[in-house]
Amino acid sequence: MDAPHLSDLAIARISVSLPDIELRRMAWIAELAQLHLEVAQADIKTVASEYPLSRAGIETAAKVAHAQMPTTDAMTSLLGRAAESQMRGQLERFAKRSRSQARLDQVVLTENTREQVNELHTALKQRTFVMDRWGLTERHATGRGIVALFNGAPGTGKTMCAAALANEVDHPLYRIDVSNLVDRFVGETEKNLVRLFDEASASRAALLFDEADSLFSKRIEAKDSTDRYANMQVNLLLNLIEDYDGFCVLTTNLKGSLDDAFLRRIVYKIVFEKPGHDELVALWEYHMPPSIPRHTDVDLDALAEEFDMIAGGDIKNAVLRAALAAGGETPITQGMLRRSLINELRANGGVVADRR
């Protein structure tokens, strides 16, 4: 952001973008040649494609790689690590870095949802190769990124799944803080959005827009200046998302409120269903690892049978409440789990009759 005194003196402002893939490839070739490092053209293209560095960043990364003096076979991974070391984004201004270590095999999903998530995972791994190899970038005239919409009730695993997918493809996940993006002054929200995506591109970040309906709501008929500015923000978001080369996840439980034009541009729209009986048992088992002592009367199958309309988030909180009630002194009993779950559901506005 410009300093106030510089902003007052400036006659013109020129925005300088990061070099595109071809310029980055040429820069890598030049810098590696100066250092007498022999790297296969395919490997250079891969690094140029995956790491949106400036020319100065490429120069420094090449020198970092040269200092390691690897064998040719190890050069590709070394260039990637060197390039990664030059990524210095400022996304924390608008987003919070996810520290989740979740992997896909830990996320409990219904069979239908699992199939779609696996398809998305494959797409994330293969998108760069396919878009370049088959020339799809030119045909589609958009970025090479992937946008996914996760639609489902709270607690069905949307956020955990987003973190797991980002971990599987080794990209940092940032959860967007909408309150830091939206500004009451005209034009500032748009500037923040552009900065967000610029920083995300420089950091190879995956972006998570939780409760996406707050930003991507339907455009409305412009009756006053407020409506026009709201529509401008949605238009800008559509363009930024579509041109982004990374991975974006939008989560919502109000799909009907999202902009129709935006929904048409999303290839992966995945419904996160409420878990069935088998998934509920698996969720109870996941949230009650062997480190938690259980009383002999604990019957997770019976809990899944009795409470069959709950989500994973309910189970997670119920187990935590039961563990805290036990105080680390006594094993968790079936009665403690039932009471904790009933209290959790009632706290969320549910009507639960405890017949026992």
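The following questions and answers concern a predicted model of one protein chain.

In this predicted model, local features need pLDDT of at least 70 and side-chain atom pairs count only at pLDDT 80 or more, while totals for chains, interfaces and linings use all residues. Residues are numbered from 1 along each chain as its sequence is written, and side-chain values use heavy atoms, with hydrogens and water left out.

Student: How many helices and strands does the protein chain have?
Tutor: Helices (H or I, at least four residues) and strands (E, at least two) are DSSP runs, numbered from the N terminus. For the protein chain, the secondary structure comes to 16 helices and six strands.

Student: What percentage of the residues in the protein chain is buried?
Tutor: Buried means under 20% relative accessible area, exposed over 50%, and partly exposed in between, with a 1.4 Å probe and protein chains only. Of the 356 residues in the protein chain, the buried share is 42%.

Student: How many salt bridges are there?
Tutor: A salt bridge is a side-chain nitrogen of Lys or Arg within 4 Å of a carboxyl oxygen of Asp or Glu. By this rule, the count is eight.

Student: Which residue meets Glu22 in a salt bridge?
Tutor: Glu22 is partly exposed, at 40% relative accessibility. The N to O distance is 2.6 Å, and the partner is Arg25.

Student: Is Glu31 buried or exposed?
Tutor: The side chain of Glu31 forms a salt bridge with that of Arg55, at 2.9 Å from N to O. Glu31 lies in helix 2 and Arg55 in helix 4 (residues 55–68), so the pair ties together parts that are 24 residues apart in sequence. Arg55 is partly exposed, at 44%. Glu31, with 8% relative accessibility, is buried.

Student: Which residue meets Lys63 in a salt bridge?
Tutor: Lys63 is partly exposed, at 46% relative accessibility. The distance is 3.2 Å from N to O, and the partner is Glu59.

Student: Where is His36, and is His36 buried or exposed?
Tutor: Most residues other than glycine have a negative phi. His36, however, has a positive phi, near 60°. His36 is placed in the loop between helix 2 and helix 3 (41–50). With a relative accessible area of 72%, His36 is exposed.

Student: Where is Asp170, and is Asp170 buried or exposed?
Tutor: Asp170 also has a positive phi near 60°. The loop between helix 8 and strand 3 (173–176) holds Asp170. At a relative accessible area of 62%, Asp170 is exposed.

Student: Which helix supplies the largest share of the lining of the second largest pocket?
Tutor: On a 1 Å grid over the protein atoms alone, a pocket is an open set of points where a 1.4 Å probe fits, with protein on both sides within 12 Å along at least five of seven lines; lining residues have an atom within 4 Å of a point. The second largest pocket is lined by 37 residues, and among those nearest its centre are Gly155 and Lys158. Helix 8 (158–168), strand 5 (247–252), helix 13 (277–287) and helix 15 (312–326) each supply at least two lining residues. The largest share, seven residues, comes from helix 15.
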